[in-house]
Amino acid sequence: MEMTLRWFGSQFDTVTLKQIRQIPGVTGVITTLYDTTPGEVWTREKIRALKEEVEASGLHISGIESVNIHDAIKIGSEDRDLYIDNYIETLKNLGEEDIHLVCYNFMPVFDWTRTELARVRPDGSTVLAYTQEAIDALDPEKMFASISGDANGAILPGWEPERMAKIKELFALYKDVDDEKLFANLKYFLERIMPVCDAYNINMAIHPDDPAWSVFGLPRIIINLENIQRMMKMVDNPHNGVTFCAGSYGTNRENDLPTMIRALKGRIHFAHVRNLKFHSDDNFEEAAHLSSDGDFDMYEIMKALYDIEFEGPIRPDHGRMIWDEVAMPGYGLYDRALGATYLNGLWEAIDKSQKRG
Ligand code: DNO
């Protein structure tokens with residue numbers, strides 16, 4: 001595995017490449033062209049400029065998170081081929097620039113959903129949190145407004161303000177899209193992009209729906225092992241793989257994370273590793289990465305990744321806001337650096353104990 005950190009680009013991130021370079025064991029960044037909108041072609045020039053900037057700091061680009069999917073593709077509307085053509089062009093340009101990993105999601109309307117961006121924990125840190133009760137009491141059209149006030153001025157990943165401004169129209173467009181239709185639209189998209197992925201050896205890594213169940217009555221399909229296996233079988237190509245995100249699959253406590261990892265051997269292209277603390281099945285908050293701070297056994301998660309000989313990038317995921325840092329919720333420097341160091345420590349211990357055993 002390679003330890004990495006997500007970085008949103010110098011225009012958007014409070015964290016610098018120099019700081020990332022100084023986290024022990026972090027050698028790559030997972031990044032994006034944050035100012036592009038879904039459906040737009042990423043030009044080679046822009047990709048190359050990003051790459052050069054990252055490489056000048058002594059790091060490299062380990063993958064892209066995300067190349068977002070235009071709603072027309074998820075809805076399956078008539079103009080979807082135009083946007084798929086653009087996506088293919090972007091993949092080709094990434095491949096030409098020697099980038100071989102793309103994380104994306106297929107969630108309708110909203111990307112990840114939380115009801116609080118700054119819940120205070122007993123130690124005074126703040127974290128992202130979710131309660132079903134708050135979702136049920138909320139008008140979905142007000143979802144964006146209800147959380148954006150706590151975003152520390154940052155643009156939230158996957159919550160493009162220009163899309164959120166059209167939220168009513170978006171809901172209307174998805175009204176005939178159920179789980180089956182969404183699966184069919186995903187299949188259509190994957191079938192069309194696989195040839196370019198084969199040609200440039202690009203691993204597509206679908207990110208799970210977060211939380212791993214339907215919100216506001218919208219269909220959500222990337223939620224459990226059964227559905228991921230269905231997705232992989234329907235377009236059976238090793239480039240059609242997954243981002244194993246512990247914090248997203250783990251929202252559903254029926255998902256046994258180490259078992260899922262073992263079952264997905266060979267098709268996990270990217271891993272997000274973080275911990276959650278539950279108050280009830282549908283009231284949880286994000287915790288420090290350390291096992292004892294939350295409800296996941298982080299050793300078992302890392303051990304499962306080790307056992308399947310996972311070689312792709314891992315990144316610590318959302319961190320708590322600590323030590324008075326002001327940054328994008330979940331994406332400050334300090335707690336993610338602690339997370340990376342802890343995960344590297346677990347990996348080293350597992351590796352040494354295996355070799356000695
Ligand atoms: C949230 C992230 C997601 C993720 C996308 C992938 O912090 O984990 O926004 O990047 O769903 O496309």
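**Pockets, cavity and ligand**

Modeller: The second largest pocket holds about 290 Å³ of space, a volume being the space filled by probe spheres set on grid points joined across faces, edges and corners. Of the 14 residues lining that pocket, His 70, Asp 71, Lys 166, Leu 170 and Leu 173 are the closest to its centre. This is a predicted model, in which local features need pLDDT of at least 70 and side-chain atom pairs pLDDT 80 or more, while totals for chains, interfaces and linings use all residues. Residues are numbered from 1 along each chain as its sequence is written, and side-chain values use heavy atoms, without hydrogens and water.

Biologist: What makes a space a pocket, and what makes it a cavity?

Modeller: Both are sets of points on a 1 Å grid over the protein atoms alone. In a cavity a 1.4 Å probe fits but cannot get out; a pocket is an open set with protein on both sides within 12 Å along at least five of seven lines. Lining residues have an atom within 4 Å of a point. By this rule there is one cavity of 30 Å³ or more. The largest cavity has about 100 Å³ of space, and its lining includes Pro 38, Lys 74, Phe 110 and Arg 163.

Biologist: Which pocket does the ligand take up?

Modeller: The ligand takes the space of the largest pocket. A molecule sits in a pocket if more than half of its atoms lie within 2 Å of the grid points. About 490 Å³ of space lies in the largest pocket. Its lining divides into 18 nonpolar, 13 polar and 11 charged residues.

Biologist: Which residues are closest to the ligand?

Modeller: The ligand is surrounded by 13 residues, the closest being Glu 65, Ser 66, Asp 111, His 318 and Tyr 331. To be near, a residue needs a heavy atom within 4 Å. Strand β4 (residues 101–105) gives the most to this shell, three residues.

Biologist: How much of the ligand does the protein cover?

Modeller: The protein covers 99% of the 340 Å² of accessible area that the ligand has on its own, by the Shrake-Rupley method with a 1.4 Å probe.

Terms used:
Helix = DSSP H or I, 4+ residues; strand = E, 2+ residues; numbered from the N terminus. Nonpolar A, V, L, I, M, F, W, Y, C, P; charged D, E, K, R; others polar.
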